[in-house]
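Please open the model in your viewer and get ready to select residues as you read.

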Amino acid sequence: EDGHAELVQGLECLKERLFDAEKKLRFQTELLENCNNLMTGLNKKGGVWILVVDAETREIVYCNKGLFHETFDSELCTYCDSRLEFREQILDWNEGEHYRVRELEDGEQKICRVTSFPIIWDQRKAFAHLVVDISLEKDHVKKLAIKAYHDLGTGIYNRRYFEETME
């Protein structure tokens, strides 16, 4: 009878542990689904171009633009090949650099902010590059600077420009 009681107690303990493990797995699954939905929404609407490049082969292993473009090929993102003028600068990312933000121009006179950092992708070293077109932002800043430093009536530099230049 003692053996039977121990067996029943052991089964109850195992049942509790399985219940806890199932509860934890459900929570992790829900969390993963929420993260996935968030990333999908950001990819579609955020205007951020995400490229993941294998550290060894320097091949593009992931491209969110390609996922939503009809010419995407899982072997090679042809969209990146034809549209990214500064592709070689991105592929030549130095492994010693941990994080870098730079502004690069493409052939269409667009200015892009490229944020690069190392990551682990499919259990191998890789680099993530977030590319955002900031051309409109830069144009807006330029227009604001003109308004801030020029007289509206004559178009010549104003006092503010003079004072900041002299400092």
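What follows is a walk through some side-chain contacts, stop by stop. Keep in mind throughout that this is a predicted model.

Select helix 1, which runs over residues 2–45. Now show the side chains of glutamate 22 and arginine 26, which meet in a salt bridge with an N to O distance of 3.8 Å. Both residues sit in helix 1, four residues apart, and that spacing is about one turn of the helix.

We will visit two others.

**Stop two: from strand 4 to helix 5**

Next, select arginine 113 and glutamate 137. Their side chains form a salt bridge of 3.3 Å, N to O. This pair links distant parts of the chain, as arginine 113 belongs to strand 4 (residues 111–121) and glutamate 137 to helix 5 (residues 135–149), 24 residues apart. Glutamate 137 has a relative accessible area of 44% and is partly exposed. For arginine 113 the value is 27%, which also counts as partly exposed.

Move on to helix 6, residues 159–166. Which residue does arginine 159 meet in a salt bridge here? Select glutamate 163: the two side chains meet at 2.8 Å, N to O. Because arginine 159 and glutamate 163 are four residues apart in helix 6, about one helical turn separates them. Is arginine 159 buried or exposed? At 64% relative accessibility, arginine 159 counts as exposed. Glutamate 163, at 37%, is partly exposed.

Now look for rings. The structure holds three aromatic pairs. To see one of them, select tyrosine 149 and tyrosine 161, an edge-to-face pair with 5.9 Å from centre to centre and 70° between the planes. Tyrosine 149 lies in helix 5 and tyrosine 161 in helix 6, so this pair ties together parts that are 12 residues apart in sequence. Tyrosine 149 is partly exposed, with a relative accessible area of 24%. Tyrosine 161 counts as partly exposed as well, at 29%.

**Last stop: two cysteines**

A word of background before the final selection: a disulfide is a covalent bond between the sulfur atoms of two cysteines. How many disulfides does the structure hold? The answer is zero. Select cysteine 13, which counts as partly exposed at 40% relative accessibility. Then select cysteine 112, which is buried, with a relative accessible area of 8%.

Note on methods:
Residues are numbered from 1 along each chain as its sequence is written. This is a predicted model: local features need pLDDT of at least 70, side-chain atom pairs count only at pLDDT 80 or more; totals for chains, interfaces and linings use all residues. Side-chain values use heavy atoms; hydrogens and water are left out. A disulfide is a pair of cysteine sulfur atoms within 2.5 Å. Buried means under 20% relative accessible area, exposed over 50%, partly exposed in between (1.4 Å probe, protein chains only). A salt bridge is a side-chain nitrogen of Lys or Arg within 4 Å of a carboxyl oxygen of Asp or Glu. Helices (H or I, at least four residues) and strands (E, at least two) are DSSP runs, numbered from the N terminus. Rings of Phe, Tyr and Trp (its six-membered ring) pair if their centres lie within 6.5 Å; planes under 30 degrees apart count as stacked, over 60 as edge-to-face and the rest as tilted.
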